[in-house]
Amino acid sequence: MAKTPDPASQEIDALLDERRTFVPSDAFRASANAADGAVYDRAAADPEAFWAGFARELEWIEPWSTVLEWDPPNARWFVGGKLNASVNCIDRHVRTARRNKAALIWEGEPGDRRTLTYFDLYREVNAFAGVLKSLGVTRGDRVALYLPLVPELAIAMLACARIGAVHSVVFGGFSAESLRDRINDASASVLVTADGGYRRGGVVALKQMADDALEGTPSIQHVVVVRRQAHDPLPVSMQAERDHWYHELMAEAPLRCEPEAMDAEDLLYILYTSGTTGKPKGIMHTTGGYLTGTYATTKWVFDLKEDDVYWCTADIGWVTGHSYLVYGPLANGATAVMYEGAPDWPARDRMWEIVERYGVTIFYTAPTAIRAFMKWGTDWPAKRDLSSLRLLGSVGEPINPEAWMWYHEHVGRQQCPVVDTWWQTETGAILITPLPGLTTLKPGSASRPFPGITAEIRTADGQKVEKGGGLLAIAKPWPSMLRGIYRDPERFVAQYWSQWPDGIYFTGDGAKLDDDGYFWLLGRVDDVLNVAGHRLGTMEVESALVDHPDVAEAAVVGRSHDIKGEAVAAFVTVREGVETSDTLVDVLKAHVVKKIGAIARPDLVLFAADLPKTRSGKIMRRLLRDIADGKALGDTTTLADPAVVAKLKDEYEDEEG
Ligand code: WTA
């Protein structure tokens with residue numbers, strides 16, 4: 001668990017001893033969206049009826065005939081129902097008093113600002129849906145979106161949803177090669193990108209990266225380029241016929257574009273995420289169930305009300321941005337804040353400045369960010385007016401109790417419940433979480449499954465664990481569950497449904513249950529890292545390293561990091577005749593960035609004459625983790641050559657000084 005560098009931590013330790021739990025205040029409880037504890041039992045008794053209740057709050061073109069058809073591992077929710085996600089996120093609000101309510105309040109890193117009302121969003125989405133059609137996009141086609149965190153990204157997603165095209169958002173921090181692989185895996189016909197975006201004062205040249213990617217993407221017919229700043233366009237090269245400026249196409253676009261009636265089980269999007277092999281998985285989410293899950297959880301977990309100003313700091317390139325910056329809040333008719341840039345640009349109070357400026361009431365971020373705020377000190381939040389905040393959330397990694405307490409004290413002024421929400425790209429929506437009007441909070445625990453969700457701890461061979469640690473399982477289907485891995489049904493079964501029989505979903509996470517039945521998440525049990533709340537496969541990084549001509553073999557493990565939770569440590573053996581040097585360390589780090597993106601940059605590269613393996617030839621990852629963390633070596637008797645480890649350890653100690 002990450003340590004806390006904050007000078008205020010003594011004070012926090014004292015608080016931790018005294019007040020381990022936090023009961024919802026009477027005032028919060030009195031007006032909470034979920035205020036009746038009986039809902040847990042009701043939902044458990046009839047989960048299908050429970051979910052159907054939320055689904056009925058959405059707008060359907062045709063009603064469903066059956067709530068759930070479950071033929072493990074294949075689920076079909078709201079069978080026969082027809083709806084359109086963009087209609088649910090926009091049109092139905094435009095018909096009400098929400099018409100001129102702010103839907104998106106956007107702020108760019110350089111300080112440019114834009115507010116789009118629901119009616120603005122309606123016009124933009126209609127127009128861009130028309131643009132996509134004019135480029136030949138039809139139902140079921142895949143559209144890749146590689147954009148900074150600008151409103152056009154949300155507009156493009158909703159425009160795809162409107163015409164029944166499937167969006168595949170690729171995080172703007174991924175490299176050209178990562179983009180190319182994702183475009184090719186999905187055979188996308190159109191790419192929407194931008195001239196660039198801003199990060200820590202610098203420009204990320206997205207179109208240039210896209211141009212590199214596009215050298216090997218035969219399926220792409222058209223590229224639409226958003227000009228990030230009208231007055232200061234970034235230099236890009238536009239290829240005639242293929243490349244078009246977004247604003248030029250939009251100027252010609254029709255006012256309206258009729259929404260398609262989509263089947264509840266039609267694909268809404270693909271989002272690639274890291275798994276245990278070198279190749280990311282295209283997680284598939286469908287329309288009716290996904291929208292129901294994100295709508296319901298946004299309403300209850302964030303206790304969303306008409307007058308809230310809701311801010312999820314995630315980038316839309318990750319699932320959190322899909323579910324809790326776009327679909328969940330917009331399906332609820334909320335006002336959502338969207339911020340493009342870094343939390344410490346131009347100063348370390350940028351987030352609090354934004355909270356103050358827009359009167360943000362609900363703030364949802366990652367433990368990595370909270371630990372960074374802690375390190376920067378309490379003065380930054382203290383100098384801004386955060387009194388509008390009424391609820392705080394955390395997602396992406398286990399939150400250590402000290403970070404939880406700091407968040408509660410220095411951001412929430414002890415007035416705001418903190419909801420620690422556990423979920424995954426695959427689950428589509430939050431599955432384990434407090435309900436802020438009902439749940440007694442324990443710092444560091446995500447508490448209980450959302451009503452209607454059956455989470456369990458199991459041993460590797462399937463025994464249910466009533467108290468203590470094990471593997472986290474989800475025993476019953478839920479509406480927003482993944483429907484598959486794009487074009488890889490076998491991997492879908494192998495990855496999620498083979499640990500245990502009978503349709504029990506394997507999360508890949510370890511967790512423990514305490515005396516009160518609270519879940520404490522313990523992190524991944526597979527070869528997936530969680531670096532600053534972002535998923536990264538060890539094999540992906542290993543493949544990137546061995547792709548370099550100087551590298552013979554590589555093993556990647558996570559190492560504890562004060563802020564990021566986990567950082568990448570790489571053990572590398574070089575080819576015969578290659579000299580190891582600090583320069584080569586830098587070259588290899590840069591190579592990984594080029595292959596995957598900056599999030600995968602190794603924190604530590606150690607050269608080794610050989611990698612420690614068991615007699616059967618398996619790399620001893622746990623040992624490497626211990627070495628990377630500087631821990632004692634323990635028992636190495638199963639090693640083929642213990643001298644290897646001793647050498648690695650010495651090299652590690654040299655590097656650390
Ligand atoms: C981890 C992000 C502990 C977990 C929404 C999971 C968490 C992985 C939490 C999914 C939490 C997410 N507490 N761990 N509150 N939330 N995780 O797909 O290991 O990017 O399997 O989805 O993040 O990451 P993903």
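**Contacts, sheets and local backbone features of the chain**

In the chain, 72% of the contacts with a separation of 6 or more are between residues 24 or more positions apart, where a contact means heavy atoms within 4.5 Å. The structure is a predicted model, in which local features need pLDDT of at least 70 and side-chain atom pairs count only at pLDDT 80 or more, while totals for chains, interfaces and linings use all residues. Residues are numbered from 1 along each chain as its sequence is written, and side-chain values use heavy atoms, with hydrogens and water left out.

The chain holds 21 helices and 31 strands; helices (H or I, at least four residues) and strands (E, at least two) are DSSP runs, numbered from the N terminus. The radius of gyration is 24 Å, close to the 26 Å that the globule rule gives for 657 residues, so the chain is as compact as a globular protein of that length. This radius is taken over C-alpha atoms, and the globule rule is 2.2 Å times the number of residues to the power 0.38. The C-alpha trace spans about 70 × 65 × 55 Å along its principal axes.

Of the 657 residues, 62% count as buried. Here buried means under 20% relative accessible area, exposed means over 50%, and partly exposed lies in between (1.4 Å probe, protein chains only). The chain exposes about 24500 Å², of which carbon and sulfur atoms supply 48%; accessible areas come from the Shrake-Rupley method with a 1.4 Å probe, and for residues only the protein chains shown count as cover. The chain has 70 positive and 92 negative charges, and their mean positions are 3 Å apart. Lys and Arg count as positive and Asp and Glu as negative, whereas His and the chain ends are not counted. The place of a charge is taken as NZ of Lys, CZ of Arg, CG of Asp or CD of Glu.

Two strands pair if DSSP finds at least two bridges between them. Valine 190 has histidine 222 in S11 as its bridge partner.

Strand S15 (residues 281-286) includes lysine 281. Lysine 281 is buried, with a relative accessible area of 1%. Not counting residues up to four places away in sequence, lysine 281 touches Leu271, Tyr272, Thr273, Ser274, Gly275, Glu426, Ile485, Arg491, Gln495, Tyr496 and Arg535.

Another open sheet has 5 strands in the order S22-S21-S23-S25-S26, and its pairing is antiparallel. Its edge strands, S22 (464-465) and S26 (519-524), each pair on one side only. Strand S21 (residues 455-458) is joined to S22 by 2 bridges, and the two strands run antiparallel. Isoleucine 457 has valine 465 in S22 as its bridge partner.

Strands S29 (residues 551-561) and S30 (residues 565-574) also run antiparallel and are joined by 10 bridges. A hairpin connects S29 to S30 through 3 residues. The bridge partner of glycine 558 in S30 is valine 568.

Two cis peptide bonds are described here. The bond from proline 72 to proline 73 is cis, with omega near 0°; proline 73 lies in the loop between strand S1 (66-71) and strand S2 (74-79). The bond between tryptophan 345 and proline 346 is also cis, with omega about -5°. Proline 346 is in the loop between strand S17 (335-339) and H13. Helix H13 (residues 350-358) has Arg350, Met351, Trp352, Ile354, Val355 and Tyr358 as buried residues. Just after H13, glycine 359 takes a positive phi of about 65°.

Positive phi values are also found in residues other than glycine. Serine 187 has a phi of about 45° and lies in the loop between helix H8 (176-186) and strand S8 (190-194). Serine 187 is partly exposed, with a relative accessible area of 26%. Glutamine 414 has a positive phi of about 60° and is placed in the loop between helix H16 (401-411) and strand S20 (418-421). Glutamine 414 is partly exposed, with a relative accessible area of 37%.
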